[in-house]
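I opened the model to look at how its chains meet, and began with a single residue before turning to the interface as a whole.

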There are 2 protein chains.
Amino acid sequence: MMTTLRNHIAEIASFSDQEFEYISSHFHHKKMKKNQFLLQAGQQKVNKYFVLNGILKSYYIDKNDKEHIIQFAQPDWWITDYNAFFNNKEVTINVDCITDCELLYISNQDLEKLSAEFHKMEHFFRVKSNAGYVASQLRILTMLNLTAMERFNHFISLYPNLIQSIPKYLIASYIGVSREMLSRLSKSVTNHTK
Amino acid sequence: MMTTLRNHIAEIASFSDQEFEYISSHFHHKKMKKNQFLLQAGQQKVNKYFVLNGILKSYYIDKNDKEHIIQFAQPDWWITDYNAFFNNKEVTINVDCITDCELLYISNQDLEKLSAEFHKMEHFFRVKSNAGYVASQLRILTMLNLTAMERFNHFISLYPNLIQSIPKYLIASYIGVSREMLSRLSKSVTNHTK
């Protein structure tokens, strides 16, 4: 499982066996079952999670108990409540396992320690933060202005493997359409690509 | 003007006079008039801008020519199209000066160069990316679920100085309400704090 992390980091920064052994000693392993929650609004302590296997969703529950999907996470992605993680705030979102999941996680303290000890780790985490920032900005733009069909296409480009593997109502919630509308969008795309 | 940048960086990382002189040589100065645009959708080259003076807005124009405000920027803040900047993509948003502005800017190439040359600069830019990522996630949450009054309060907490200095219709656009509704929200807050 540490090989997956090593390959992931090596896309941006390479480390000797000895360096990586030290770095990986700051990560911990966690196995979770489908429908278990990883983070829950109100909890105080939060880590940053790297997905080895499985699919997760982060979402917000509003006052009317309506669930708003923020993002999905799949293997090789990172997920957490970033405000809680970086600013030591109380968690305000929820993260659940949509399937059985296997994760590695690191505390904020250890992430900062590794970043201070290795310029290359600081670089790695900066690149990851930039990517998260960009994804987040693009999510704002999709929410602001895209048509349902464009949001559906954006979802497919972002999560090409998820369309088959997660329940349709979650995709509908992410895109912000009814399940009937999602079904019409899916058929329309299928017809176009025939 | 470089003193402002130095003080801003020093909140996170400190540099010797000689180091800072070298770092500041990668920044360039720009003065702009009210209503001039800094970035326009479609342009190819983009820098990252640090605000010395003035207020700017970044926004997206949809197919119906409706303007959607993404963020405002005020002194000591950074602004750019992050997707275009980090991924060398075409610019998709617009950034205009709401008032006369004075800015420092750095190219992506020079930002990466400084980050590679100084571990402390890599750290500085990582912290800034984290902050941007968090702000962006909070913007998503405000869009997803807050009431108009909560979005108004969020605006005031984020931009305490802007309520007096920018046109009301821009605030209404950021919050996603009509100008009449904004006026009612403002009065309601004023009455509560009397």
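I looked up Ser115(A) to begin with, and at 1% relative accessibility it counts as buried, where buried means under 20% relative accessible area with a 1.4 Å probe and protein chains only. I note that this is a predicted model, in which local features need pLDDT of at least 70 and side-chain atom pairs count only at pLDDT 80 or more, while totals for chains, interfaces and linings use all residues. Residues are numbered from 1 along each chain as its sequence is written, chains are lettered from A in the order in which they are written, and side-chain values use heavy atoms, with hydrogens and water left out.

Leaving aside residues up to four places away in sequence, Ser115(A) touches Met121(A), Glu122(A), Phe125(A), His119(B) and Arg126(B), contact meaning heavy atoms within 4.5 Å.

I then followed Arg126(B), whose side chain meets that of Glu112(A) in a salt bridge at 2.8 Å, N to O (a side-chain nitrogen of Lys or Arg within 4 Å of a carboxyl oxygen of Asp or Glu). Between chain A and chain B I find 4 salt bridges in the count.

For the whole interface, I recorded 38 residues of chain A in contact with 38 residues of chain B.

Technical notes:
Buried < 20%, exposed > 50% of the residue type's maximum accessible area, 1.4 Å probe, protein only.
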